[in-house]
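Please look over this protein chain with me, and let us work through its sheet and its charged pairs by question and answer.

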Amino acid sequence: MKRIALFLLTNLAVMLVLSVAVNLLGLNRFLTANGLDLMSLLGFAAVMGFGGAFISLLISKPMAKWTTRLQLINNSPHPTHAWIVSTVERFSQQAGIRTPEVGIYEGAPNAFATGAFKNSALVAVSTGLLESMTREEVEAVIGHEVAHIANGDMVTLTLIQGVMNTFVVFLSRVIGYFVDKVVLRNTNDGPGIGYYVTTIVMDLVLGVLAAIIVAWFSRQREFRADAGAAHFMGRKQPMVNALARLGGLDPGEMPKSLAAMGISSRPSGLLALFSSHPPIEQRIARLKETS
């Protein structure tokens with residue numbers, strides 16, 4: 001969750017900086033005396049959209065290190081550190097990728113993987129995770145994060161975010177132009193206040209819709225990473241136990257209610273639409289169904 005939230009916030013910040021920069025430099029020349037140049041606008045939107053997403057991806061690893069105050073342990077002689085690194089190495093070999101950087105950070109039970117490229121990624125686990133889980137469960141969580149890297153999930157999310165950003169920038173400006181020129185009947189050559197206000201409002205509204213779509217894709221990645229962890233471990237139960245532990249459930253026999261996935265087992269209200277991770281119960285049920 002922390003990895004995805006950091007990526008999305010960074011993406012929004014980069015988009016804002018790019019928007020201010022192009023306006024100050026006068027690079028947004030898709031509004032002409034003859035109207036809206038849609039091809040120029042589309043090119044502008046793509047540069048803005050994918051630029052923000054890819055810059056966010058490229059700085060994701062240093063940002064993660066900085067925000068979590070990460071301690072790298074690849075060369076640490078500490079027995080626990082050596083075990084974590086060897087686990088990451090083993091799963092990386094199975095996945096056919098280069099061993100990522102490995103780190104530990106202070107915090108509640110959690111772990112993350114990030115990085116722009118499969119062969120220069122980062123896997124980190126929290127002290128809370130190490131203290132609250134068995135070694136087998138920690139290994140399953142590490143397998144989950146290595147699966148994210150092997151599946152290229154950060155790049156996939158970046159491409160999806162870039163497409164969504166592009167549509168947000170493009171559509172908000174088309175709608176802003178329509179409101180300014182057609183609804184408010186601005187006859188000046190340049191855009192009026194209606195264009196600027198509508199564009200800002202639509203950036204926010206469409207940005208929320210885009211975030212829902214990105215979150216849905218993110219939830220699908222979690223199911224695949226859970227299955228990847230089970231594959232690395234050779235069986236499902238360690239990952240099932242780790243998920244149960246994270247969800248505050250008994251990692252032994254699961255409640256019978258998990259067999260039937262009702263609405264009560266999912267996040268309620270609008271928050272469910274923005275969640276980057278599916279409910280723990282749903283992930284356990286899906287994993288148990290996986291062959």
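Two strands count as paired if DSSP finds at least two bridges between them, and helices (H or I, at least four residues) and strands (E, at least two) are DSSP runs numbered from the N terminus. This is a predicted model in which local features need pLDDT of at least 70 and side-chain atom pairs count only at pLDDT 80 or more, while totals for chains, interfaces and linings use all residues. Residues are numbered from 1 along each chain as its sequence is written, and side-chain values use heavy atoms, with hydrogens and water left out.

Q: Which residue in strand 6 is the bridge partner of Phe 112?
A: Strand 5 (residues 111–114) has both faces covered, with Phe 112 and Thr 114 buried on one side and Ala 111 and Ala 113 buried on the other; buried means under 20% relative accessible area, exposed over 50% and partly exposed in between, with a 1.4 Å probe and protein chains only. Strand 5 pairs with strand 6 (residues 122–126) in the antiparallel sense over four bridges. Within strand 6, the partner of Phe 112 is Ala 124.

Q: Which strands stand at the edges of the sheet?
A: Four strands form an open sheet of mixed pairing, in the order 3-4-6-5. One side of each edge strand is left without a neighbour in the sheet because each has a single partner strand, and these edge strands are strand 3 (71–72) and strand 5.

Q: Is Glu 137 buried or exposed?
A: Glu 137 forms a salt bridge with Arg 245, with the closest N and O atoms 2.9 Å apart. Arg 245 counts as partly exposed at 32% relative accessibility. Glu 137, at 4% relative accessibility, counts as buried.

Definitions and conventions: A salt bridge is a side-chain nitrogen of Lys or Arg within 4 Å of a carboxyl oxygen of Asp or Glu.
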